[in-house]
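Hi,

Here is the structure I promised to pass on. Have a look at it first, and my notes follow below.

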Amino acid sequence: VRTKLYSLGNGFFRNVWVFMEDHSENFVVLKTLRSNHDYDDQNYERHRMDAIALERLTSSSYVLDIYAFCGTSSIVELGYGAKSIADD
C-alpha cells in the first residue's frame with residue numbers, strides 16, 4: 001500500500017501534513033512538532049493537553065475529531081471548510 005503525504009503548512013509549534021493511502025478517499029491530518037522546538041516536558045504536556053481537549057470536545061460539530069495521539073504528534077480529521085456558528 002502506498003501512502004501519499006503532502007505538507008499543508010505549519011504553525012508556531014507544529015507542521016501539518018495531509019496523507020491518504022492508495023485506493024482510499026479518506027484524507028487525514030498528521031500534526032508533528034516542528035524541528036526547531038525541543039522534545040521536552042513542556043512540549044509533551046502542551047500536546048497532551050491539546051489531544052485531551054480535542055477528545056473531550058469531539059461531540060461538537062465545530063471541533064475536529066482526533067484519531068490518535070502519541071508524544072508530540074496527533075492524527076486528526078481533515079477539515080474541509082469553516083462553518084460559522086451563525087450558520088446554525
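Which side chain does T32 join through a polar contact of 3.3 Å? The partner is W17, and the contact runs between the two side chains. Bear in mind that this is a predicted model.

T32 is a handy place to start looking around. The residue belongs to strand β3, which covers residues 28-33. With a relative accessible area of 17%, T32 counts as buried, because the cut-off for that is under 20%. Apart from neighbours within four places in sequence, T32 is in contact with F13, R14, N15, W17, T72 and S73. N15 is also the bridge partner of T32.

Zooming out to the strand: five of the six residues in β3 are buried, so the rest of the structure largely encloses it. On β2, the pairing with β3 is antiparallel and spans six bridges. Strand β5 (residues 73-77) also runs antiparallel to β3, with four bridges joining them. Within that pairing, K31 sits opposite S74.

As background, nonpolar side chains tend to be buried together in soluble globular proteins.

Cheers

Terms used. Residues numbered from 1 in each chain as written. Predicted model: local features only at pLDDT ≥ 70, side-chain atom pairs only at ≥ 80, totals over all residues. Heavy atoms only, no water. Helix = DSSP H or I, 4+ residues; strand = E, 2+ residues; numbered from the N terminus. Buried < 20%, exposed > 50% of the residue type's maximum accessible area, 1.4 Å probe, protein only. Polar contact = N/O pair within 3.5 Å; in protein donor to acceptor, adjacent residues only side chain to side chain. Contact = heavy atoms within 4.5 Å. Pairing = 2+ DSSP bridges.
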